[in-house]
Amino acid sequence: MECEKLLDCPFFAKYKDVMEGDTYRLFIDSYCCGPLMDRCQRKLYEQTHGTSPSENLTPSGYTLKNSKPAA
Ligand code: SF4
């Protein structure tokens, strides 16, 4: 089970390789490759605004102030 936007998603591209136990791993496992994918706030943002959100918008809907360096 994978989100249909997986290959084009800046959030996923940035955080897909983080390790188990990392907060970002929970987002990936729960939203991008998990049961919450249809509740992703990034997708809702895109549907509402017609444009992609910042890469710092998490699937749960809060915006990271400082983005974590790529793993
Ligand atoms: S962050 Fe949202 S839009 Fe991006 S791959 Fe994950 S579930 Fe899909």
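Start with a word you'll need all along: a residue is buried if 20 or more other C-beta atoms lie within 10 Å of its own, exposed if 12 or fewer, and partly exposed in between, with C-beta atoms placed from the backbone. By that count, buried residues make up 18% of the 71 residues in the chain.

Two bits of housekeeping. This is a predicted model, so local features need pLDDT of at least 70 and side-chain atom pairs count only at pLDDT 80 or more, while totals for chains, interfaces and linings use all residues. Residues are numbered from 1 along each chain as its sequence is written.

**Stop 1: the whole chain.** Show it as a cartoon. (Helices are DSSP runs of H or I with at least four residues, strands are runs of E with at least two, and both are numbered from the N terminus.) The C-alpha trace spans about 30 × 30 × 20 Å along its principal axes. The chain's radius of gyration, taken over C-alpha atoms, is 11 Å, which agrees with the value near 11 Å for a compact globule of 71 residues. That globule rule is 2.2 Å times the number of residues to the power 0.38.

**Stop 2: colour by pLDDT.** This is the predictor's confidence in each residue, from 0 to 100. The chain's mean is 90, and 92% of its residues reach 70 or more. Among the elements, H3 has the highest mean (97) and H1 the lowest (92).

**Stop 3: the ligand.** Which residues are closest to the ligand? Select Cys 3, Cys 9, Tyr 31, Cys 32 and Cys 40: these are the closest of the 13 residues that surround it. (To be near, a residue needs its C-beta atom, placed from the backbone, within 6 Å of the molecule.) Helix H1 (10-15), helix H2 (23-32) and helix H3 (41-49) each supply at least two residues of this shell. By class, the shell has ten nonpolar, three charged and no polar residues. Here Ala, Val, Leu, Ile, Met, Phe, Trp, Tyr, Cys and Pro count as nonpolar, Asp, Glu, Lys and Arg as charged, and the others, Gly among them, as polar.

**Stop 4: helix H2.** Select Tyr 24, Phe 27, Ile 28, Tyr 31 and Cys 32, which are buried. Now look down the axis of H2: its buried residues fall within an arc of 100 degrees, so they line one face of the helix. (The arc is that of the directions from the helix axis to the C-beta atoms.) An α-helix has 3.6 residues a turn, so residues three or four places apart point the same way. H1 is part of what covers the buried residues of H2.

Still in H2, click Ser 30. Ser 30 is partly exposed, with 16 other C-beta atoms within 10 Å.

**Stop 5: Lys 16.** Go to the loop between H1 and H2 to find Lys 16. Draw a line from its C-alpha atom to that of Phe 27: the two are separated by 9.4 Å.

**Stop 6: Met 1.** Finish in the segment before H1, where Met 1 is found. Buried or exposed? Met 1 counts as exposed, with 7 C-beta neighbours inside 10 Å. Met 1 touches Cys 33 and Gly 34, leaving aside residues up to four places away in sequence; contact means C-beta atoms, placed from the backbone, within 7 Å.

Methods: Two residues are in contact if their C-beta atoms, placed from the backbone, lie within 7 Å.
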